[in-house]
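User: Could you walk me through reading aromatic contacts in a model like this one?

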Amino acid sequence: MSLYLDNAATTPVRPEVLEAMAPYLTRVFGNPSSHHEVGEAAASALDDARRRVARIVGMRAGDVVFTSGGTESNNAAIKGLVLGSARTHLVTTAIEHESVLASADYLRRLHDVEVTHAPVDATGSLTPDALAGALRENTALVSIGYANNEIGTIQDAAALAAVAHERGVPLHLDAVQAAGWLPLSGTGADAVTIAGHKVGAPKGTGVLAVRGRLPFEPLLHGGGQERGRRSGTPDVAGAVAIATALELAEAERGEAAARVGALSAAFIARVLANVPGARLTGHPSHRLPGTASFVFPGTNGETVLLELERRGVVSSSGSACAAGSDEASHVLLAVGVDHDEARTAVRFTLPRSLTGSLDAVADAVVAAVTAVGSRG
């Protein structure tokens, strides 16, 4: 079986998570909105999951909304907070996930919201000064990724939140990639999005936490579930699953980040030392411990991926949401990588459970790049 190094795309469901959610797929099957014994048992589990997630993100239980994943959470946060505001300006950056950029474009096209992409530097970092320069009197929201899904660069969320709050602007933090690697509380964020399948819960589970004082226009209307922020029958098993996965990841976070970070650093050094012209993308140190993204000039990234898979290593060229696209990564273009070089990108995202050396993987990278490069 191949070694799977595409954990930024998705992770396997943890056995503890499967065990925790199983009762709510079988015997505790009630609708939590039903006012009888069967429904109230489900409602109790949902409330408990909400409290557990709230502790991890540093908000109140009533601030937590369960969603279908990161894309829905980002759409709901951006559209909900901007449309709930009397202001008509949104600040984000050009390196965000497609769900953030597409939500911003929707607001621009259909609601006359002005969108500013605050500039990032060559490492993908947004400085407080750059954010301050992008804010206006009518800014409704700042939406940024806590850690970039392609190059792994970590933003100084607390410093950026302070700049936004000084101007009376809330901060939305896309923490989909950061969950399990970085602290989710104490960031100063007013809204946080999480996807369950990045931390060992099933696909189709997610969280949007929005501080209760913020005006919010929901995407979904109907029965008024989730305090009116997301109508529809809640997925109780999914809520239990993501709460369990987040608790497990949080308990392991410090040790896992140190262990995987050391193994990743050794892997990066070996690749850079042995592949002529190879370049690491993203910030050299303020990066997710499990992310190593390279460009290999003179190759084609997709062809390198095929060579790696032949050698038993599964990785990616970037965001799974753009898989199959022949376009260069918008993230790499935004940080100044030229178009041809951007198409040589290969991203390795490591599991939190990693314990052994990646020297053999580095050697496979050397062999794959050499094979592709020799074909011209």
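Predicted model: local features only at pLDDT ≥ 70, side-chain atom pairs only at ≥ 80, totals over all residues.

User: What describes a pair of aromatic rings?

Analyst: You take the distance of the centres and the angle of the planes. Here, rings of Phe, Tyr and Trp (its six-membered ring) pair if their centres lie within 6.5 Å; planes under 30 degrees apart are stacked, over 60 edge-to-face, and the rest tilted. That rule gives four aromatic pairs. One of them is Phe267 with Phe348, edge-to-face at 5.2 Å centre to centre and 80 degrees between the planes.

User: Where in the chain do Phe267 and Phe348 sit?

Analyst: Phe267 is in helix 7 (residues 236-274) and Phe348 in strand 12 (residues 345-349), 81 residues apart. Helices (H or I, at least four residues) and strands (E, at least two) are DSSP runs, numbered from the N terminus.

User: Is Phe348 buried or exposed?

Analyst: Phe348 is buried, because its relative accessibility is 0%; buried means under 20% relative accessible area, exposed over 50%, partly exposed in between (1.4 Å probe, protein chains only). Phe267, at 1%, counts as buried too.

User: Which residues do the ring pairs link into a cluster?

Analyst: Phe267, Phe294, Phe296 and Phe348.

Key
Residues numbered from 1 in each chain as written. Heavy atoms only, no water.
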